[in-house]
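Here are my notes on the model you sent over.

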Amino acid sequence: MTMEEVQKTYKIYIGGQFPRTESGRYYPLFDKKKKLIANVCLCSKKDHRNAVVAARNVFGAWSGRSAFNRSQILYRIAEMMEGRKDQFIHELLLQGVSSGEAKKEVRLSIDRMVYYAGWCDKYQAVFSSVNPVASSHFNFSVPEPTGVVGILGPESFSLLGLISLIAPVILSGNTCVVLASHSKPLCAVTFAEVLQTSDLPGGVVNILTGTSKELLEHFASHMDVNALLLATGDAASIKMASEKCALNVKRFFDRLGIDWSSDSTQSPYYILDTTEIKTTWHPIENIGAGKAGY
Amino acid sequence: MTDNKLELKEGWKYSPSPESTSHINLQKRYGLFIGGKFVKPSSGKYFPSINPATEEKIAEVAEANEKDVNAAVNAARKAYDKVWKKMPGAERGKYIFRIARLLQERAREFAVIESMDGGKPIRESRDIDIPLAANHFFYYAGWADKLEYAFPGKGELAPLSSRRGGRGEAKALGVAAQIIPWNFPLLMAAWKIAPALACGNTVVLKPAETTSLTALKLAELIAESGLPDGVVNIITGAGVTGAALVNHPGIDKIAFTGSTDVGKLIQKSVAGTKKKLTLELGGKAANIIFDDAPIDQAVEGIINGIFFNQGHVCCAGSRLFVQEGVAETVIRKLKDRMETLIVGDPLDKNTDIGAINSKQQLETIKKFIEIGKQEGSGFYETSCNLPSKGFWCKPTLFLNASQSHRVVQEEIFGPVLAVQTFRTVEEVIEKANNIPYGLSAGVWTDKGSKIFNLTSKLRAGVVWANTYNKFDPTSPFGGYKESGFGREGGLHGLSAYLK
């Protein structure tokens, strides 16, 4: 007698929960032999809105965590990924990625998470400045997270691309709403399960599945989203999305045509893109200068 | 504690002390500064530049059309390709240093023209606008040969070739189109031109149509400086000219300072192009007074926050939040202090509040005052007399404003302050942040830990603690949210002009 395998239901990830799409819709995902792998949630505008609410609600708490704490949580994510390595590889294989490529992608994904985990409490020192103003003031500038960030992940490198986009966004304290690869959505959902067991507060990363054709417009036009990273689509979708971004002066970054397996796609400057430089002034009392020369 | 009423107005009478205008050099009519010389506009059209304090015409300014915009962009491209991009940074820096020096030498002339053309008090144009403009050129001049230290390693991000430069090297963008507002005409020109040139870009600048004159004087000065022809081009006109510049396919970069509405139009119009964009837009800053604040200093900060430059300031502290325990005292002292403000001739050295920049802006302010009255926001104005000619507005408060009122939510850009009270830190943080803007904020308290709590939680690009409306070339300035993106000033200001 053969024991039947228990198959996983792939759901979405909003506010730390794994609901199905509120729309009740799905799309079937097949392997190369046209065998059904999973029925994947076909998310709606309403799912996106729910995810933005979850992301906004936790923004204050997440950005208020200490940088060291965020660093530990991101490193914890890498640890959890390591434990799920075989599952990620298996899912990539199911979705048509070759064995060698799958192993490499998962290895790089974990390494990239470790790379960014280390930046959590260091990019501030690199990108901040103490400004020698000509008046008697103490003046300094520091990067702060921009808020809620929308991310549309790439079709290829469905895990590595996603992690390369998410990690530099959340490490500074941003929260995000992510649309997974349409053709290879499985690793994104499994990555959500990793996040759920990594002490990352629910809502910091929200992961939807579906089509960018349907959802891009909502990602770009939502008035409570501060920035948008677009790694899928064509020239027309860039134009449409960046036009909609103007509705609330959303920061827009096109991340198309990137070889996510290259080392040059990890950089602290990606962190800077979804931060805002804040400058603080305070007067300095100027007494006793003549006695300060010892 | 003594809460003596200030009686300055009763005790002192100020004799008129007008700044002389005899030393300034203004032409009757200005052309467009393209390719190193002044040329006639192809339309042959000119429009008047008015002194808002007297409603008299000071000079005529050319109206640039699409053809002129094209000529200016071509001149900038040619200068970029043939001269500027090949020039070593150290040499570029020398030109920018020279511009700073020439501006310092002629500072008073520029200050007088700035006050005549824009209506701001001579005390501000003399002590703030013009020196800061010169300092901005001086500061960025020194960056021109040090750019590799600004963003080390950034150029190594090879795959994003559309946004990043080659390996390890900071690269200019090319031709920068720059559109500036009428509230700090010369200062905004300096904020735009200085970092652009330091980073190796060439420039087409369009000043606001009501305040073109100091930019045109700057064009004269730039010609005298020997800066290669076409590196800076200055064209004048209104929104149509600006739109033609923004939509010109030959530009690589747009830097815009102005209203959020126009900023959104520009962001939309560059969608799908390779043009790089920075926006410095509107604001509605919270100026927060805690009950442990040094009250008299805070009152000065409120005054400076909202009445500096007639309130024509994107970072103006236009929403006042006073903690309940001191609200009565603060408002009483604020009213007393407001009575001492001298509104009148911008060229008089005693003047605190000058003329509203234009008739159109005065109408906008009056419209908002009407709205505030109808909303029941608690209208109050000072008893000062206003000159019979020109555009003027009394210092105004709305004392019963609440979060949903339009005088709280919308940028008025005039000497109008919306006042709210609060009880707790949490409450004031929520109220202060609950607005689409995020340019600046002010905090007044004697307690250091409270200051840092507030300054880190306020979602704004510039936070002044126990001070307000301070600016410096080394200090980055710019907004969160709908107040725009990108920074001007300091090291961070360089990134707007580099790949």
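Which residue of β15(B) does Thr396(B) stand opposite? Val416(B).

1. Ground rules. This is a predicted model, so I'm following its thresholds: local features need pLDDT of at least 70, side-chain atom pairs count only at pLDDT 80 or more, and totals for chains, interfaces and linings use all residues. Residues are numbered from 1 along each chain as its sequence is written, while chains are lettered from A and ligands numbered from 1 in the order in which they are written.

2. That Thr396(B)–Val416(B) pair belongs to β14 (396–398) and β15 (416–422) of chain B, which run parallel and are joined by three bridges. Strands here are DSSP E runs of at least two residues, helices are H or I runs of at least four, and both are numbered from the N terminus. Two strands pair if DSSP finds at least two bridges between them.

3. Zoom out and you get an open sheet of 10 strands with mixed pairing, in the order β3(A)-β4(A)-β10(A)-β17(B)-β16(B)-β11(B)-β12(B)-β15(B)-β14(B)-β13(B). β3 (129–130) of chain A and β13 (379–381) of chain B stand at the edges with a single partner strand each, so one side of each has no neighbour in the sheet.

4. Two helices of chain B pack on this sheet. α11 (324–339) touches β11, β12 and β15 of chain B, and its direction makes about 120° with that of β12(B). α14 (425–433) touches β11, β12, β15 and β16 of chain B, at about 150° to β15(B). Angles run from 0 to 180 degrees between N-to-C directions, with axes fitted to C-alpha atoms, for helices over the stretch in contact.

5. Where do the chains join within the sheet? β10(A) and β17 (462–465) of chain B pair in the parallel sense over three bridges, and Trp281(A) has Trp464(B) as its bridge partner.

6. Across the interface, 35 residues of chain A are in contact with 38 of chain B (contact: C-beta atoms, placed from the backbone, within 7 Å). β10(A) gives the largest share of chain A's side, eight residues.

7. Chain B overall: 15 helices and 18 strands, with a C-alpha trace spanning about 70 × 50 × 40 Å along its principal axes. Buried residues make up 59% of its 499 residues (buried: 20 or more other C-beta atoms within 10 Å of the residue's own, C-beta atoms being placed from the backbone).

Notes
Buried ≥ 20, exposed ≤ 12 C-beta atoms within 10 Å, placed from the backbone.
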